[in-house]
Amino acid sequence: MLALTISVQAQTNGQHERSAFSFKSTKVKNAEGQISHVKVGAYVGNQLIQEFSYELLEPISEEMAELHGTVSEEDLNFDGYLDADIYLGYLGGYANNTYHEALLWDQGNHRFIEAEGYNGIGEPTCDAEKKYIQAVLSAGPLHRVTTYYRWKGHKLVKYFENTWAMEDDDYVDFSGLLNYPCHRFDAMLDGRIPVNIVFQKTEEGTVAGYIYYPKAKNPAPIMVVGSVQQYDGTDFYYLNEYQADGTISGVMNLQYKNENWDETMKGTWTNPKTEKELTMGEMSYSCEMPKWFTKSLLTPEDPGNIGKEYSFQQWDQRYESMMGGHITFRAAGKNKVHFDCANVRHNIATGKSADGRPAELKGNGFEYRNVNECGYGFKATFYPRFVVLKSITDRETLDCFGMGAAFDGIYIKVIQ
C-alpha cells in the first residue's frame, strides 16, 4: 500500500474557487537516485495552497516513472466540481492493474481532501449518469472481475463484484442494484447442502435478498427478508426464507465480523416445522453478485403501487398450526390508504385505521398513531414485494393487545 502524508500550507486571506486551482507534480529521488515519492501541489497562480506526498510501492528509475504523478481532472464524486485523479504506477498482472489516488474538492471548505477507498482499485471508470465508479481487473488469464463502487461522503464503498469469462458475450445489467452494497455468504448446510445467501441491507437495518440451493432438483432463488443488528463489531443477521404466499420455510441466523481483515462468521438454518437446525460450514463472504440477482428488493415502493393484501405465516409448535400476520390496504385518496391488520404470532394484535382518518403516505411509508384506546402506533415501510411494520410507541401502548403482541413483522405482498 502507498503511504500518504499530507502537509497543508496556510491559505491566503479569503477563499479560492475551484476554477482557480491547477496542479503540479514533482518526483523525489532517494539516496540511490531512484524515484521514491511523488508530490502533488494544488496552486492558485504561482502560490502553493496544498501539497500531498505519496510514497511509491517500490522505488523505480526516472525513466520508468515518466507518467507517475500525472493528474487528471474529473468530477469523480459527481457533485458538479472537478476533482483530481493521480496516477501512481502499474502494479503488474493482467488487465487494468494500476494505482491511483484521488483528491476531492470540498466546496464547503474550499479545499481538496483525500478520498478514502479510492487507491488500489485499478483503473477507475466513472459513470456520471448512474453515479458510480467501476474497475475491471484480472481474475486469472480467462476471466475478469468488474467491481462497482459508490461514494458515501468522501469514502468510496464497494457495492458488488461480477466475475465473467472473457469469451462470454452475454451482458448482465446490474444497474438496478446500485442502491445498497451486496453481501454474500456461501456455505454448506450440514456439511452436504451447498447454499448461496445474497442480500442487501438498508441504513435502518432491513435486509432483503435471496437464498439459492444450486443442487436442488429445480434450483431457483427464494426470497429472504429480515433484519440486522450490530454488537461489539459483529453483524447479527436474522433472516426468514419466504415462499410466494408469505409462508416462512426456513429461518436463518448469521454472524459476521471483519476486524483488521480477519473475518469470522458462522450461521444456522432451521426448519420451522420440524425445528431441525442445520449448521453452516465452510462459510465464505464476498461481494460477488450472481447473474440471477439483477434487481434490488429494497427499492422504495411507489405509493401508487401498494398492494391490497400482505401476509406472513410460520408454523408454531405450541399450537401445531400456522401463525402469523395479515394486513390489507384500500385507497382513500391520493397517497392515502385505510388499513386493517391482524397479527397473531404471540397474542392477538388487531386494529384498523379510523373512519375519516386514513394513513397518509410520505414517500414509501407512513406512521399511524392511536390505533386503539391504548394509543398504539406503528410505522409501515413499503418495498416492491413486502412491507415492514414496526411499533413506534411505548410498551404501555401494547396493553390493549396482550403480552408480546404487536403489528411488528415483515408481510409479503400476496395480492396486488
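Colleague: Where does Lys131 sit?

Modeller: Lys131 is in the loop between strand E9 (125–127) and strand E10 (132–138). Keep in mind that this is a predicted model.

Colleague: And what is phi of Lys131 near?

Modeller: Near 60°. That is a positive value in a residue other than glycine.

Colleague: How accessible is Lys131, and why does it count as partly exposed?

Modeller: Its relative accessibility is 42%.

Colleague: Which loop holds Glu275?

Modeller: The one between strand E19 (262–270) and E20. Phi of Glu275 is also positive, near 65°. Glu275 is not glycine either.

Colleague: Is Glu275 buried or exposed?

Modeller: Exposed, because Glu275 has a relative accessible area of 51%.

Colleague: New topic. What is the secondary structure of the protein?

Modeller: Zero helices and 29 strands.

Colleague: How many residues are there, and what percentage count as buried?

Modeller: There are 416 residues, and 44% of them count as buried.

Colleague: What box do the C-alpha atoms fill?

Modeller: Roughly 80 × 55 × 40 Å, taken along the principal axes. The protein exposes about 21600 Å². Carbon and sulfur atoms supply 47% of that area.

Colleague: What about contacts between residues 24 or more positions apart?

Modeller: They account for 44% of the contacts with a separation of 6 or more.

Colleague: Now the inside. How many residues are in the largest nonpolar core?

Modeller: The core has 52 residues. Those with the most contacts inside it are Phe339, Phe366, Phe378, Phe386 and Phe407.

Colleague: What does Phe339 touch?

Modeller: Leaving out residues up to four places away in sequence, its partners include Phe366, Phe378 and Phe407. Phe339 also touches Ile327, Phe329, Ala359, Tyr368 and Val371, among others. Thr328, Gly351, Lys352 and Ser353 are on the list too.

Colleague: What lies apart from that core?

Modeller: Another core, of 21 residues. Among them are Tyr213, Val228, Tyr237 and Met283.

Colleague: How do the residues of the lining of the largest pocket divide?

Modeller: Into 18 nonpolar, ten polar and eight charged.

Colleague: And how much space is in the second largest pocket?

Modeller: About 490 Å³. There, 23 residues form the lining, and the closest to the centre are Gly226, Ser227, Arg345, Gly409 and Ile410. By class, the lining has eleven nonpolar, eight polar and four charged residues.

Colleague: Which strands supply at least two residues of the lining of the second largest pocket?

Modeller: Strand E16 (222–231), E17, E18, strand E21 (309–316), strand E28 (386–391) and strand E29 (409–415). E16 gives the largest share, five residues.

Colleague: A few single residues. Is Val40 buried or exposed?

Modeller: Val40 is buried, at 1% relative accessibility. The residue is in strand E3 (residues 35–44). Beyond its neighbours within four places in sequence, its contacts include Phe23, Phe52, Tyr54, Val71 and Ile86.

Colleague: How far apart are Val40 and Phe52?

Modeller: Twelve residues in sequence and 5.2 Å in space, C-alpha to C-alpha.

Colleague: And how far apart are Lys215 and Gln107?

Modeller: They are 108 residues apart in sequence and 53 Å apart in space, C-alpha to C-alpha. Lys215 is in the loop between strand E15 (206–212) and E16. Lys215 is exposed, with a relative accessible area of 72%.

Colleague: Last one. What is Arg357 in contact with?

Modeller: His338, Tyr368, Arg369 and Asn370, leaving aside neighbours within four places in sequence. The C-alpha atoms of Arg357 and His338 are separated by 8.0 Å, at 19 residues apart along the chain. Arg357 lies in the loop between strand E24 (349–352) and strand E25 (359–360). Arg357 counts as partly exposed, at 33% relative accessibility.

Key:
Residues numbered from 1 in each chain as written. Predicted model: local features only at pLDDT ≥ 70, side-chain atom pairs only at ≥ 80, totals over all residues. Heavy atoms only, no water. Core = buried A, V, L, I, M, F, W, Y, C linked by side-chain atoms within 4.5 Å. Buried < 20%, exposed > 50% of the residue type's maximum accessible area, 1.4 Å probe, protein only. Contact = heavy atoms within 4.5 Å. Nonpolar A, V, L, I, M, F, W, Y, C, P; charged D, E, K, R; others polar. 1 Å grid on protein atoms, 1.4 Å probe; cavity = no way out; pocket = protein on both sides within 12 Å on 5 of 7 lines; lining within 4 Å. Points joined across faces, edges and corners; volume = space filled by probe spheres on them. Helix = DSSP H or I, 4+ residues; strand = E, 2+ residues; numbered from the N terminus. Areas by Shrake-Rupley, 256 points an atom, 1.4 Å probe, with all protein chains shown as cover.
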